[in-house]
Amino acid sequence: MVDKIIVAVCGRPELYDSTNYYYRDKYRKDLAWRGVSEDTGVAEDVCRKKWKGLRDTYLRERRKELETRRSGAAAGPGKKWRFSAVLSFLDPFVTLRPTTSNMGPVEETAEDLPTPAQEETEKTNRDDTEDRCPPPETPAASSVSESQVPGSSSSAAASTPIGVYMS
């Protein structure tokens, strides 16, 4: 019965295509529903209710499918509704409404905030950087070369890390 209703409605675009010239013509729609009823052998009001339920379920399933695809959830695709493929002829004629939220705009997300481990690493890096920066040279220290310092050799100067002063 459901398959017959889908096929009968599919052949009458004034029932689902909002761009159709006769979509808003109540008389033409009534004639179309009468035709669906004759094709299926089911009462007209039952056909209308069944079609509305099928269409609404299809749109709900389609929205659910788009949301799971968009969210990046790790779970695989769930079981598809059995009439999804048959009702896919509705896709060009339906647009999903944008969703709204009662939540205000979020200033910072949890992804933007550093974790305690990241904060500690940043603090340690800042401390290390301060330790490695040489103090400003005084005129007395800059005028003395390594060759003038007693007990210094070129090998000792080469092994001394940059920024570390021997006293």
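The structure is a predicted model, in which local features need pLDDT of at least 70 and side-chain atom pairs count only at pLDDT 80 or more, while totals for chains, interfaces and linings use all residues. Residues are numbered from 1 along each chain as its sequence is written, and side-chain values use heavy atoms, with hydrogens and water left out. The chain has six helices and zero strands, where helices (H or I, at least four residues) and strands (E, at least two) are DSSP runs numbered from the N terminus.

**The chain as a whole**

- Read from the N terminus on, the elements of the chain follow the order α-α-α-α-α-α.
- Of the 167 residues in the chain, 17% count as buried, a word that here stands for under 20% relative accessible area, with exposed meaning over 50% and partly exposed meaning in between (1.4 Å probe, protein chains only).
- A contact means heavy atoms within 4.5 Å, and among the contacts between residues at least 6 apart in sequence, 56% join residues at least 24 apart.

**The largest nonpolar core**

- A nonpolar core is a set of buried Ala, Val, Leu, Ile, Met, Phe, Trp, Tyr and Cys residues joined through side-chain atoms within 4.5 Å.
- The largest such core holds 21 residues, and the members that touch the most others are Val 9, Trp 51 and Leu 87.
- Two or more residues of this core come from each of helix H1 (2-10), helix H2 (26-40) and helix H3 (44-71).
- When neighbours within four places in sequence are left aside, Leu 87 is in contact with Ile 6, Trp 51, Leu 54, Tyr 58 and Trp 81.
- As a general background, nonpolar side chains tend to be buried together in soluble globular proteins.

**How H1 packs against H2**

- H1 and H2 pack at an angle of about 140°, and their axes are 9 Å apart; the axes are lines fitted to C-alpha atoms, for helices over the stretch in contact, and angles run from 0 to 180 degrees between N-to-C directions.
- That angle makes H1 oblique to H2, because angles under 35 degrees count as roughly parallel, over 145 as roughly antiparallel, 65 to 115 as roughly perpendicular and the rest as oblique.
- On the H1 side, Lys 4, Ile 5, Ala 8 and Val 9 meet Trp 33, Val 36, Asp 39 and Thr 40 of H2.
- The residues of this contact of H1 with H2 divide into five nonpolar, one polar and two charged, where Ala, Val, Leu, Ile, Met, Phe, Trp, Tyr, Cys and Pro count as nonpolar, Asp, Glu, Lys and Arg as charged, and the others, Gly among them, as polar.

**The loop between H1 and H2**

- Glu 14 lies in the loop between H1 and H2, and at 16% relative accessibility Glu 14 counts as buried.
- Apart from neighbours within four places in sequence, Glu 14 is in contact with Asn 20, Tyr 22, Tyr 23, Arg 28, Lys 29 and Ala 32.
- Ser 18 also has its place in the loop between H1 and H2, but with a relative accessibility of 38% Ser 18 counts as partly exposed.
- Ser 18 and Phe 93 are 75 residues apart along the chain, yet their C-alpha atoms are separated by 6.7 Å, and Ser 18 is in contact with Tyr 23 and Phe 93 once neighbours within four places in sequence are left aside.

**The loop between H3 and H4**

- Leu 90 lies in the loop between H3 and helix H4 (116-132), where Leu 90 is buried, with a relative accessible area of 1%.
- Not counting residues up to four places away in sequence, Leu 90 touches Tyr 16, Trp 51, Arg 55 and Tyr 58.
- Arg 82 is likewise placed in the loop between H3 and H4, whereas Arg 82 is exposed, with a relative accessible area of 67%.
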